[in-house]
Amino acid sequence: MQDTTLIIKSFLRPQCIEHLLQSIAQFYPYLPIIIADDSEPATQERIAELALACAGDRLTFLKLPFDVGLSAGRNRLVDAAQTPYVILFDDDFVLTNETILDVLVEHVRADKYDLVGGSWILPDGQIEHFEGYMELKSGILRLSPLEQYKRHQGADIVLNFFAAKTDMLKAIRWDDNLKQSEHFDFFLQCQQRRVRVGYEPTVKILHDKQMPEEYKEFRMRFIHDRQLMFKKWGITEIQGWPQPKKDEDGEPEKIRI
């Protein structure tokens with residue numbers, strides 16, 4: 001997989017990035033890594049030191065201005081990538097023996113898809129699903145589950161753990177105005193541009209979510225960015241989820257602005 005770069009956006013969680021990089025060193029010690037960090041200066045220096053210790057000369061570390069946001073950071077990562085394929089990670093992931101990245105890349109390399117996502121495993125062993133189909137019509141964004149979760153298939157939206165063509169990501173890009181709540185916006189753009197999105201359930205990564213207090217303060221402002229995203233797309237309501245929850249009447253749960 002010398003044609004692939006691992007890209008990671010980090011922010012205020014040095015312990016998370018250390019665990020992720022240690023797991024990468026265990027399973028894929030030869031792949032190049034780019035980290036874009038927009039922590040405050042002292043934490044940024046600590047993360048840079050930890051990253052260098054774990055990844056050595058395979059590492060490119062991008063020091064971004066404080067709090068430029070998730071979308072701007074990911075765009076910088078893609079701009080810096082020099083391989084035809086990249087794999088996107090959050091900084092609170094940990095690779096396991098089920099994280100077979102080669103499978104994701106092979107789907108893209110074979111031109112079956114432009115982007116292929118894997119699965120998240122939670123610390124309790126449960127699989128977190130957010131793969132499915134989307135339809136935006138008359139202000140309502142409808143989400144529906146995939147037909148099955150046993151083999152790879154097409155989708156409209158997957159989780160933020162995926163392999164993708166670098167040139168495609170440079171063309172689509174994340175919206176820099178959205179520091180958070182970028183997920184629907186990005187995949188709506190993909191749908192609009194006819195990007196071929198796939199889901200590969202056999203490739204799994206541990207999502208070891210950590211919320212230190214200094215991080216939580218920034219994470220909790222997602223509602224503002226979600227409203228920006230809704231306004232951008234003219235969304236007034238979201239119905240369903242890839243695995244729809246039910247309300248007390250047994251109807252699909254709805255999320256309203």
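## Helix α2 and its surroundings

In this predicted model, helix α2 contains 15 residues and reaches 21 Å from its first C-alpha to its last, which is close to the 21 Å expected at 1.5 Å a residue. The buried residues of α2 are T43, Q44, I47, A48, L50, A51 and A55, and among the elements that cover them are strand β1 (4-10), helix α1 (14-27), β2 and β3.

E45 also belongs to helix α2, but E45 is partly exposed, with a relative accessible area of 36%. Although E45 and P14 are 31 residues apart in sequence, their C-alpha atoms are 9.8 Å apart in space.

## The β-α-β unit

How do strands β2 and β3 pair, and over how many bridges? Strand β2, which covers residues 33-37, and strand β3, which covers residues 59-63, pair in the parallel sense, and five bridges join them.

Helix α2, at residues 41-55, makes a right-handed β-α-β unit together with β2 and β3. Both strands of this unit are also among the elements that cover the buried residues of α2.

## Helix α8

Helix α8 has 12 residues, 222-233, and at 1.5 Å a residue these should span 16 Å; the C-alpha atoms at its ends are 17 Å apart, which agrees with that expectation. Which residues of α8 are buried? They are D225, M229, F230 and W233, and because they cover an arc of only 145 degrees around the axis, they lie on the same side of α8.

The cover over these buried residues includes strand β8 (132-137), helix α6 (183-192) and strand β13 (237-239). Just after the helix comes G234, which takes a positive phi of about 70 degrees.

## Aromatic pairs around F161

Across the whole structure, a search finds 14 aromatic pairs. One of them joins F89 and F161, whose ring centres are 6.0 Å apart and whose planes meet at 20 degrees, so this pair is stacked, since planes under 30 degrees apart count as stacked. F89 lies in strand β4 (residues 85-90), while F161 lies in the loop between β10 (153-155) and β11 (162-165), so the pair ties together parts that are 72 residues apart in sequence. Both F89 and F161 are buried.

F161 also pairs with F93, and here the ring centres are again 6.0 Å apart but the planes are at 75 degrees, so the pair is edge-to-face, the term for planes over 60 degrees apart. This second pair links distant parts of the chain, because F93 is in strand β5 (residues 93-94) and F161 is in the loop between β10 and β11, 68 residues apart. F93 is buried, and so is F161.

## An aromatic cluster

Elsewhere in the list of aromatic residues, F11, F66, Y215 and F218 form one aromatic cluster.

## K137 in strand β8

Is K137, a residue of strand β8, buried or exposed? K137 is exposed, because its relative accessible area is 52% and the cut-off for exposed is over 50%. The strand that holds K137 is also one of the elements covering the buried residues of α8.

K137 and V103 are 34 residues apart along the chain, and their C-alpha atoms are separated by 34 Å.

Conventions
Residues numbered from 1 in each chain as written. Predicted model: local features only at pLDDT ≥ 70, side-chain atom pairs only at ≥ 80, totals over all residues. Heavy atoms only, no water. Helix = DSSP H or I, 4+ residues; strand = E, 2+ residues; numbered from the N terminus. Expected span 1.5 Å × (residues − 1). Buried < 20%, exposed > 50% of the residue type's maximum accessible area, 1.4 Å probe, protein only. Arc of directions from axis to C-beta. Contact = heavy atoms within 4.5 Å. Pairing = 2+ DSSP bridges. Right-handed = clockwise from strand over helix to strand, strands pointing away. Phe/Tyr/Trp six-rings, centres within 6.5 Å; stacked < 30°, edge-to-face > 60°.
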